[in-house]
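Welcome! Please take a look at the sequence and the structure below before reading on.

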Amino acid sequence: RFAMADQKEGLDDLGFETSAFETLEHDFQEVLAELVGDKSLERFRQEYEKLHRALKKSHESEKRLIKKCRELNSEIVSNAAKVQTALKLSQGDQNTIGSLKREIEKAWKMVDASHEKEARAKDTIMH
């Protein structure tokens, strides 16, 4: 689980660092400049460009996925806090329900006792 401080860091810590990717981009441009004039290496240059495009696309996808993972992790942390709050409230509600049930039971016992007293009083008056 990511800590909040980890979420505030850039996207670079989980993939290519920006400076490393910029270095790759610079190196690519240098190699490409060397290959442009040589017809015998044209096929190699085309494959090299294709691989470079695939790397760039992969790098962008990785950055989007890391961002999405962080957003989802943040949402999970937020929802976990909400669940904890709901559980605490639910526990409080259960305690209140139990207390009210005990009070109702006592009230019914008092009503029953009152009915018994009343019945005895009527019985005494009648006899």
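Here is a short briefing on the fold, the confidence and the surface.

This is a predicted model, where local features need pLDDT of at least 70, side-chain atom pairs count only at pLDDT 80 or more, and totals for chains, interfaces and linings use all residues. Residues are numbered from 1 along each chain as its sequence is written, and side-chain values use heavy atoms, with hydrogens and water left out.

**Fold**
- The protein chain has 3 helices and 0 strands (DSSP runs: H or I of at least four residues for helices, E of at least two for strands, numbered from the N terminus).
- Along the sequence, the pattern reads α-α-α.
- Of the contacts (heavy atoms within 4.5 Å) with a separation of 6 or more, 67% join residues 24 or more positions apart.

**Confidence**
- The average pLDDT (the predictor's confidence in each residue, from 0 to 100) is 86, and 87% of the residues score at least 70.
- Among the elements, α3 has the highest mean pLDDT (94), while helix α1 (residues 4-8) has the lowest (42).
- Over residues 1-9, pLDDT stays under 50.
- Where pLDDT is low, the predicted coordinates should not be read in detail.

**Surface**
- Buried residues are 10% of the 127 in the protein chain (buried means under 20% relative accessible area, exposed over 50%, partly exposed in between; 1.4 Å probe, protein chains only).
- W108, which lies in helix α3 (residues 42-126), is exposed because its relative accessible area is 54%.
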